[in-house]
Amino acid sequence: MTAAEYDRVPRVMTADYDSPAAASLEAIWATKPGLYGWISTVDHKKIGIRYLVTAFVFLIVGGLEALVIRLQLARPNQALVTPEQYNELFSAHAITMIFLYAQPVLSGFSNYLFPLVLGARDMAFPRLNAFSYWVYLAAGLFMYASLFADAVPNNGWFNYVPYALKEYDPGANIDFYALGMVFLGVSTTVGAANFVVTFLRMRAPGMTLARVPILTWGTVTISVGNLLAVPSVSLAFFLLWTDRQFGTHFFRAESGGHPLLWQHLFWMFAHPWVYVVVLPAMGLVSDSLPFFCRRPLVGYTPVVVGTVTTMALGFGVWLHHMFATGIPFLALAFFSGASFAIAIPSAIAVFAWIATIWSGRPVLSCAFLYYAAFIVMFVIGGVSGVMTASVPADLQLTDTYFILAHIHYVLIGINLFAVLGALHVWFPKMTGRMIDEGLGKVVFWIILAGFNLAFLPMHWTGLIGMPRRIYTYPSGLGWETPNLITSVGAFVLALGLLIYFVNVLVSRRRGAPAGANPWDAPSLEWSMPSPPPSYNFAVIPRIASRHPLWEARLPSISRRSELRTGMALHNGREALATTALDAIPDAILKMPEDSPAPFIVTFALSVLFTGLLLQLWWLAGVAAVAVFVGALVWLWPERDLEQRAAGGQA
């Protein structure tokens, strides 16, 4: 379909979402009721909410683990847990927060919002989208099953060799982690591919790359990064598993292997992963901060370029995690310079946010407060990270609590504050209810105070010499007071989060009705009812600017978007594909129906990884066959789909 052909398609009025045409679309796209519908749904909105709920559950679990750690370290010579239990606690806490919360929670927002802000009916591959969630859930449960086997991962999230080899850690602890990470990598990879294709091919007509909502840039950038980085860590964990199970020697120095190979493969993934859990959060802030400043974001193009540049540079700085490993000086100098340079594109975003606030008319809502705090936390975490880019400073700070403080300001200060603010913004769209603002502002100050009380003293604790990963410490070293303050702050933060979630749950049932656009926001998701119908858009809109709902008040915008009229696309589940650069209508896509196949394939994969863990090779073989058969059923052409496609072409 060419642009001229699209222009000749009759437009359909969309003012009434209760019209017979809308009811027909709802019947086509709605998820079936009951258990079957719950398992088989491919609705991106339901999948996005499932991601969010599951990620928040893991956040709570990881937070409880952190509280036990802080009780152990609140005073010297504590014996609340044994050294081995402490190893398992800090390992499980880090794995949970980094891999099972920080990135999946952002995937939840992206899954929910991508088609809505792009003007699409669904993600490009709806069944693959459902599969990515089920695998994420199964991988998380797989790793936490280690708790019941008394084999929780116990070598940190970094899992350095040779400590992770069989002779030093003979239990199944590391096997759970290695296989679980390969399993989780399947979810991350297929989800990343889905985001990239959706971004390139599912945008509304007229939504050129220069008009794309900025939150999508963060997600698509890290999705490309994940497609490049996740294979590295999956390979590393698979090679480690073969070293442990079959006596290979990829990482055994005495057999010709190289322990530093593990660190290279791991940090080639793990440093870009820092931006995976940051850039989408930055996108959420960049997209919704203007709602509360009553003006468009300052510097859209520089922020987009900075986002892409940050991810690109992120692949060139992994070695700064290895400055203390005896790397040649020339390599240290190169990676130190790259680590300094990566601060530049991040600083562009900070200046853009500040300029937007300065030149706007800020409304001090809960979301705005979280975003303002996010900017401060971003600067603190960024500056402490730049300090470690200096080789002499890093040699003194490495493996101290200073690094731990930096990590928490990045992973919680940046990620969590952005997420809590974004939940205030889009909760009304998801549920049709507002989160209570009065209680929300009280909760914000509790969380802000608890966070800084918990993690700011860690900088000082590290500077006076406290190493990471010790389960206790003697008195008289000057560590007592900052550790006690940190522990108190952790419980204050936990209290704030508890009240936050209670506020969310109560607001879900009793919150004030939201309406379609409670924030007077400019993007497409606010042009429909709250919560959105199953089909998203009654007709496909046509876009003429970055701010289609603000066009009347922005004199710089000459053309007007078509939001009230457009293509109906009601011959079964249909979506519009557009060209990658200019978003010119290109094809009408016949979208797949709901299916339990993604759930079934995930179940078979779970059995496969369980067989590998237990060394039941016959079980793993049977499960592999089941995965193959399930994939065939999933991908088998549907006769009804073929007939509808032929009817559409006719």
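The model is predicted.

The largest pocket has a volume of about 1,100 Å³. Its lining is made up of 50 residues. Nearest the pocket centre lie His271, His320, Gly385, Thr388 and His406. By class, the lining of the largest pocket holds 32 nonpolar residues, 14 polar ones and four charged ones.

The second largest pocket holds about 890 Å³ of space. It is lined by 36 residues. Gly63, Ala66, His93, Met97 and His408 are the closest of these to the pocket centre. The elements that give two or more residues here are helix H4 (44-73), helix H5 (83-118), H16, helix H17 (437-463) and helix H18 (480-510). The largest share comes from H4, which supplies nine residues. The lining of the second largest pocket divides into 30 nonpolar, three polar and three charged residues.

Across the whole structure, eight cavities of 30 Å³ or more are found. The largest cavity contains about 180 Å³ of space. Its lining counts 22 residues, and the closest to its centre are Tyr51, Gln103, Ser107, Thr188 and Phe195. Two or more lining residues come from each of H5, helix H6 (126-144), helix H7 (173-201) and helix H8 (214-246). Of the elements around the largest cavity, H7 gives the most, with seven residues. The lining of the largest cavity has nine nonpolar and 13 polar residues, and no charged residues.

Attention now turns to charged side chains. The count of salt bridges comes to 10. One of them joins Lys45 to Asp43, with the closest N and O atoms 3.1 Å apart. Lys45 and Asp43 are both buried.

A further salt bridge forms between the side chains of Arg573 and Asp594, at 3.1 Å from N to O. This pair links distant parts of the chain, its members being 21 residues apart. Arg573 sits in the loop between strand S2 (562-567) and strand S3 (574-578), while Asp594 sits in the loop between strand S4 (585-590) and helix H19 (597-614). Both Arg573 and Asp594 are buried.

The side chains of Glu574 and Lys590 also meet in a salt bridge, with an N to O distance of 2.2 Å. Glu574 belongs to strand S3 and Lys590 to strand S4, 16 residues apart, and this pair too links distant parts of the chain. Residues count as buried when their relative accessible area is under 20%. Glu574 is therefore buried, because its relative accessible area is 5%. Lys590 also counts as buried, because its relative accessibility is 18%.

Salt bridges can also share residues. Lys166, Asp175 and Arg244 are linked in a network of salt bridges.

How values were computed: Residues are numbered from 1 along each chain as its sequence is written. This is a predicted model: local features need pLDDT of at least 70, side-chain atom pairs count only at pLDDT 80 or more; totals for chains, interfaces and linings use all residues. Side-chain values use heavy atoms; hydrogens and water are left out. On a 1 Å grid over the protein atoms alone, a cavity is a set of points where a 1.4 Å probe fits but cannot get out, and a pocket is an open set with protein on both sides within 12 Å along at least five of seven lines; lining residues have an atom within 4 Å of a point. Grid points are joined across faces, edges and corners, and a volume is the space filled by probe spheres set on the points. Ala, Val, Leu, Ile, Met, Phe, Trp, Tyr, Cys and Pro count as nonpolar, Asp, Glu, Lys and Arg as charged, and the others, Gly among them, as polar. Helices (H or I, at least four residues) and strands (E, at least two) are DSSP runs, numbered from the N terminus. A salt bridge is a side-chain nitrogen of Lys or Arg within 4 Å of a carboxyl oxygen of Asp or Glu. Buried means under 20% relative accessible area, exposed over 50%, partly exposed in between (1.4 Å probe, protein chains only).
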